[in-house]
Amino acid sequence: SDYSEFKYPFIKRASSFWASSSSFSSSNTDEASYDYIIVGGGTAGCPLAATLSQNFSVLVLERGGVPFSNVNVSFLSNFHIALADTSPTSASQPFVSTDGVINARARVLGGGTCINAGFYTRANSGFIRRVGWDERLVNESYPWVEKQIIHQPKLAQWQGAFKDSLLDVGVSPYNGFTYDHIHGTKVGGTLFDRFGRRHTAAELLASANPKMLTVLVYATVQKVLFDQTAGRRPMAMGVIFKDENGNQHRAFLTNNRRSEVILSCGAIGTPQMLMLSGIGPKAELDKLNISMVLRNEFVGKGMADNPMNSVFVPTNRPVEQSLIQTVGITKMGVYIESSSGFGQSQDSIRCHHGILSAEIGQLSTIPPKQRTPEAIQAFIKGKRDLPHEAFKGGFILEKIARPISTGHLNLVNTNIDDNPSVTFNYFHHPHDLQRCVDGIRMAAKVIQSKHFTNFTRCDKPTVEKLLNMSVKANINLIPKHTNDTKSLEQFCKDTVITIWHYHGGCHVGKVVDPDLKVLGTNRLRIVDGSTFNESPGTNPQGTVLMMGRYMGVKILRRRLGKAAHV
């Protein structure tokens, strides 16, 4: 039954792992061992595993379940429902940063590709240059992903009107449908096929060597195990994980100096995993009595999240649901995107975070620090009495490209299932705030463009009426006085939300070397967005998917040279 549910024969429940630690023997001979243990089967972990399995034995440990039979994951129309499902088995695990912004992280095989809005683009060329990757291999790795799971969208009418409006206000030229990140207005790729079905990173496992790969779902890694022989660098030996029944197991690396534990737990999970394994700032480890394997003050530092502000565009006509298809890449460090039609359904009334409708606008008319659970409850209650028009329309989203403001991640306890405490310090740097103000002004122009007003068929009274309703509905409308910089700065601070592009916490040169090996250790590497100090392109998933493939090929070629089967 697992096979039909899990789609591939190498995906199994964690409890099926036979080397349970109760029979743990010091001889370590009767246990399965692996050339690579990948912690986290997400956006980077899946392509990485598929690639490494061409030549070596790979164990992937994923804390969530599979995305294949989950209707909230599979269909575009249910995008907001998966995000709003806060149950412990949901594919999405909510967290709230200390800034007060409601956010989400993935808890499913396929990672963020299972719960995001689907938009696919390559990185800006400056990003690839700054991280020092081999351009030729990068340009081979993107198509490897694209051929398997990326599609050209059928442009929704809303997205067409948005495109014309962007061009109208000077975000030009029009670059058509392209994966490339270039100034102007473009249509990007998507994980959703023409039937509205999502294709996730988990499908990249189809190109793995099935004889060499084992993927365990519901396998929650507790920590990395190290050999700490005095006078030597700590060497990763394996991991301890618990299965869906709460039983503990150990998995070990083969006895070879090139074997590796690779952390691909994402920007929240990886710094947390390092600290729980004894690598991190002294004060962090001391406060929870975690025995120190290696002191590194930079673990969990430099956390960043691109601030997003959204503006509601009311319409007087029904709008089809559309997620991000068209994007405006401005020259002022601001990206403009849009979504439509996620406000009308009855089931979505329960929702309370995301980007796509009045009710999942993340309480964005309440200043961040006041977005308490009580506020959320009161808000959901008030929702049911709102007139239907409050939910017709869409959002213009404005995102800061490379925020200068950064924050930090700290442990709250030693339980890996609980979120760490994360601070992003949105808009701490005045330059970030200035760009938001510029972006909101541009969003206002887009909405006022004749292409949009013709499309939305909204007359003045409707807008006035909506302005009055919006206070109750938690809809952000454009502030009335867009020439008043002070009030726009306040609008930016009060309505900041996230587009889930957070990154950092394990920066290159601070926590890992340029090959992403953890400094001061042996056999431990990180492959995910925690190593980034900027989010690539308008939307990062394409580059994180590519990174999994790229690093896999790089590792194989370094080990095997021409003999690598890739």
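Mentor: A salt bridge is a side-chain nitrogen of Lys or Arg within 4 Å of a carboxyl oxygen of Asp or Glu. This is a predicted model, where local features need pLDDT of at least 70, side-chain atom pairs count only at pLDDT 80 or more, and totals for chains, interfaces and linings use all residues. Residues are numbered from 1 along each chain as its sequence is written, and side-chain values use heavy atoms, leaving out hydrogens and water.

Trainee: What makes R136 and E140 a salt bridge?

Mentor: Their closest N and O atoms are 3.7 Å apart. The limit is 4 Å, so the pair qualifies. R136 and E140 lie four residues apart in helix α6 (residues 135-149), and therefore about one helical turn separates them.

Trainee: Why does R136 count as exposed?

Mentor: Buried means under 20% relative accessible area, exposed over 50%, and partly exposed in between (1.4 Å probe, protein chains only). R136 has 65% relative accessibility, so R136 counts as exposed. E140 has 38%, so E140 counts as partly exposed.

Trainee: Which salt bridge links E140 to a distant part of the chain?

Mentor: E140 meets R557 in a salt bridge, at 3.8 Å from N to O. E140 is in helix α6 and R557 in helix α15 (residues 541-560), 417 residues apart. R557 has 39% relative accessibility, so R557 counts as partly exposed.

Trainee: What makes K486 and E489 a salt bridge?

Mentor: Their closest N and O atoms are 3.6 Å apart. That is within 4 Å, so the pair qualifies. K486 and E489 are three residues apart in helix α14, so about one helical turn separates them. At 63% relative accessibility, K486 counts as exposed.

Trainee: Why are α11 and α14 called roughly perpendicular?

Mentor: Helix α11 (residues 430-448) and helix α14 (residues 485-494) pack at about 100 degrees, with axes 9 Å apart. Angles under 35 degrees count as roughly parallel, over 145 as roughly antiparallel, 65 to 115 as roughly perpendicular and the rest as oblique. The two helices are therefore roughly perpendicular.

Trainee: Which residues of α11 and α14 meet?

Mentor: Contact means heavy atoms within 4.5 Å. In α11, L433, C436, V437, I440 and R441 meet T485, L488, E489, F491, C492 and K493 in α14. The contact divides into seven nonpolar, one polar and three charged residues.

Trainee: What makes β1 and β11 a pair?

Mentor: Two strands pair if DSSP finds at least two bridges between them. Three bridges join β1 to β11 (residues 213-217), so the strands pair, and they run parallel. I11 stands opposite V215 in β11.

Technical notes: Axes are lines fitted to C-alpha atoms, for helices over the stretch in contact, and angles run from 0 to 180 degrees between N-to-C directions. Ala, Val, Leu, Ile, Met, Phe, Trp, Tyr, Cys and Pro count as nonpolar, Asp, Glu, Lys and Arg as charged, and the others, Gly among them, as polar.
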